[in-house]
Amino acid sequence: KGEIYIGGKGVASGYKKDKEKTQKAFIDHDELGRIYRTGDYGKLKREGYVEFLGRVDTQVKIQGHRIELGEIEARIKENSMVKD
């Protein structure tokens with residue numbers, strides 16, 4: 001079990017105009033080259049595929065848009081009718 005990283009020709013070189021986010025998500029690996037930390041957990045199976053086990057954070061994707069569930073929860077809690 002562990003975090004999933006990806007690499008190859010199709011992986012971006014970083015986040016546009018966001019050096020801090022790029023430094024957190026991309027690493028230069030001695031053997032694999034530049035790889036990206038996806039934020040996903042997985043397990044390499046003997047059959048050769050990766051079994052997805054979940055996310056490191058609470059981010060989800062809806063129709064290609066990244067959504068932080070914590071942001072939604074914070075906004076809902078601002079409503080006086082919501083206790084918790």
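Reader: Which element gives the largest share of the lining of the largest pocket?

Author: In this predicted model, the largest pocket is lined by 18 residues, and the elements that give two or more residues to that lining are helix H1 (19-25), S3, strand S5 (59-62) and strand S6 (65-68). Among these elements, the largest share, which amounts to five residues, comes from S3.

Reader: Which residues lie nearest the centre of the largest pocket?

Author: The space in the largest pocket comes to about 470 Å³, and 18 residues line it. Those that lie nearest its centre are Tyr15, Tyr36, Thr38, Arg55 and Gln59.

Reader: Which residue in the turn between S5 and S6 has a positive phi?

Author: S5 and S6 also run antiparallel, with four bridges joining them, and Ile62 stands opposite His65 in S6. The two strands form a hairpin with two residues between them, and the residue in that turn with a positive phi, of about 50°, is Gln63.

Reader: In what order do the elements of the protein chain run from the N terminus on?

Author: The protein chain has two helices and six strands. Read from the N terminus on, these elements follow the order β-α-β-β-β-β-β-α.

Reader: Why is the protein chain said to be more spread out than a compact globule?

Author: The C-alpha atoms fill a box of roughly 55 × 35 × 20 Å along the principal axes. For 84 residues the globule rule gives 12 Å, and the chain counts as more spread out than a compact globule because its radius of gyration is well over that value, at 17 Å.

Reader: What percentage of the residues of the protein chain count as buried?

Author: A residue counts as buried when its relative accessible area is under 20%. When this cut-off is applied to the 84 residues of the protein chain, the share that count as buried is 14%.

Key: Residues numbered from 1 in each chain as written. Predicted model: local features only at pLDDT ≥ 70, side-chain atom pairs only at ≥ 80, totals over all residues. Heavy atoms only, no water. 1 Å grid on protein atoms, 1.4 Å probe; cavity = no way out; pocket = protein on both sides within 12 Å on 5 of 7 lines; lining within 4 Å. Points joined across faces, edges and corners; volume = space filled by probe spheres on them. Pairing = 2+ DSSP bridges. Rg over C-alpha atoms; globule rule 2.2 N^0.38 Å. Buried < 20%, exposed > 50% of the residue type's maximum accessible area, 1.4 Å probe, protein only.
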